Structures are given as C-alpha cells and as structure tokens.
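Subject: The structure I promised you

Hi,

Here is the structure I said I would pass on. Have a look at it first, then read on for my notes.

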Amino acid sequence: MAELRTDRLVLRRWRDSDLEPWAAMNSDPEVREHLGDLLTREQSDASVARFQAGFDQRGYGFWAVQSRATGEFIGFAGLDQVDDGMPFSGVEIGWRLARSAWGRGYATEAALAGLAFGFETLGLPEILAVTTAANLRSRGVMRRIGMTRDPADDFDDPTAPEGPLRPNVLYRIARGAPD
C-alpha cells in the first residue's frame, strides 16, 4: 500500500495507536454534524477494520492522516468505492479531520494528494465527492481542489433519515481537468 507524503502530512496505513483519537473524533458532535449519529468505540474500531480491508482488496482506501511536524494523528483522507444504493457509481474522495486540525488547509492538502494518487497511480478517469448540502466546509474543499458541481446531480441520500442529512450534493473532477 502506498504511503503518501505532502509538505505537512503523511497519509499512511492505520495503526493501533490511531484507534483512540479516531474514536474521540467519532464521538465529537461537531465532527459528526454532517455525518449522522455519534459512533461507539466498537463502531469506530470496526470502521478502521473496513478501511484496512479496502486497502487489502483494492490497494486504496482511506488513509490515516498524521502531521509530519508532530507525528500526531489528525484524521483520515482517501478514496473509496461509492456505496451501493446511491444514484451514481464510481470512486469518491473523502476526508475527516479532528477539530484541532480544522482551518489549516490540511483537508485540501490531503485531498489533493488523494486525487493525484487516484489519477496518476490508479488511472481513474473521474473522482467524485459527496456531502450534505449544508456542509459548506467540505464543499469549499471540493471547490479548492478543482471539483465542480452540476445541481442536476444533487440527490437525497436514501440511507439518511428525513432532515438535514438527506439533501446531498455531488461534485466531480475528471483526470486532466485544469487546476
């Protein structure tokens, strides 16, 4: 599995030492605001097991993200297959950071590394990103990394309950798209 390095970040395989800070992120209402219910420690640990299995099966997935300066685990970023049951298919990019890492450009930096890996190493023709319509921070990252949105692609997430998590937006970027 490839380890990706940027100026400030390392995107790497998950370690046992990541489980505690990952669980803390998943029990933080602000981090989970656009994602749904808080996760128990067991659910959080199971998500890491799924991320690892994705890497083992496909050679890509969601990397743990750490600060190069401090070695601190700050979240995840990477690529995954779009879930079954969505009104589109393909590979999507995603990220989630601890609140202490917000507002520093880390999500954009990690996402750009993920896009480069997807296009240059995997040869993907297109990468997608999805978030709730109300998640303005993630939508900002999507625009900063060169993704575009066609409102005709917006959809209601069939797995979300009625409410603010249901309306979703879809962003896209094709290989070779201008920066």
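Predicted model: local features only at pLDDT ≥ 70, side-chain atom pairs only at ≥ 80, totals over all residues.

Strand E1 covers residues 4–5, and two bridges tie it to E2 in an antiparallel arrangement.

How are the two faces of strand E2 covered? Leu-9 and Leu-11 are buried on one side, while Val-10 and Arg-12 are buried on the other.

The loop between E1 and E2 holds Thr-6. Thr-6 counts as buried because its relative accessible area is 13%, under the 20% cut-off. Beyond its sequence neighbours within four places, Thr-6 contacts Arg-68, Glu-109 and Ala-113.

**The nonpolar cores**

Next, the inside. The largest nonpolar core contains 33 residues, and Leu-11, Ile-93, Trp-95, Ile-127 and Met-147 have the most contacts within it. At least two residues of this core come from each of E2, E3, E4, E5 (91–97), H3, E6 (126–132), H4 (136–144) and E9 (167–174). H3 is the top contributor, giving eight residues. In soluble globular proteins, nonpolar side chains do tend to be buried together.

Leaving out neighbours within four places in sequence, its contacts include Leu-79, Val-91, Ile-93, Leu-115, Phe-119, Met-147, Tyr-171 and Ile-173.

There is another core, apart from the largest one, with twelve residues; Val-31, Phe-62, Ala-64 and Phe-73 are among them.

**Aromatic rings**

Now for the rings: the count is twelve aromatic pairs. One of them joins Phe-62 and Phe-76, whose centres are 4.5 Å apart with 45° between the planes, a tilted pair. This pair links distant parts of the chain, since Phe-62 belongs to strand E3 (residues 62–67) and Phe-76 to strand E4 (residues 73–81), 14 residues apart. Phe-62 and Phe-76 are both buried.

Another pair is Trp-63 with Phe-117, which is edge-to-face at 5.2 Å between centres and 85° between planes.

One more ring has a charged neighbour: Arg-58 lies over the face of Tyr-60, 5.0 Å from the ring centre.

What does Thr-108 touch, once residues up to four places away in sequence are set aside? The list is Val-141, Arg-144 and Ile-145. Thr-108 is part of helix H3, and its side chain makes a polar contact of 3.3 Å with the side chain of Arg-144. With a relative accessibility of 14%, Thr-108 counts as buried.

In H4, the buried residues include Ser-138, Arg-139, Gly-140, Val-141 and Met-142. The buried residues of H4 pack against E5, H3, E6, E7 (148–149) and E9. After H4 comes Gly-146, which has a positive phi near 95°.

**One last residue**

Is Asn-26 buried or exposed? Asn-26 is buried, because its relative accessible area is 0%. It is found in helix H1, which spans residues 19–26. Apart from neighbours within four places in sequence, Asn-26 is in contact with Arg-32, Leu-38, Leu-39, Ser-44 and Arg-96.

That's the tour. Happy to go through any part of it with you.

Cheers

Notes: Residues numbered from 1 in each chain as written. Heavy atoms only, no water. Phe/Tyr/Trp six-rings, centres within 6.5 Å; stacked < 30°, edge-to-face > 60°. Helix = DSSP H or I, 4+ residues; strand = E, 2+ residues; numbered from the N terminus. Buried < 20%, exposed > 50% of the residue type's maximum accessible area, 1.4 Å probe, protein only. Lys NZ or Arg CZ within 6 Å of the ring centre and 35° of its normal. Pairing = 2+ DSSP bridges. Contact = heavy atoms within 4.5 Å. Polar contact = N/O pair within 3.5 Å; in protein donor to acceptor, adjacent residues only side chain to side chain. Core = buried A, V, L, I, M, F, W, Y, C linked by side-chain atoms within 4.5 Å.
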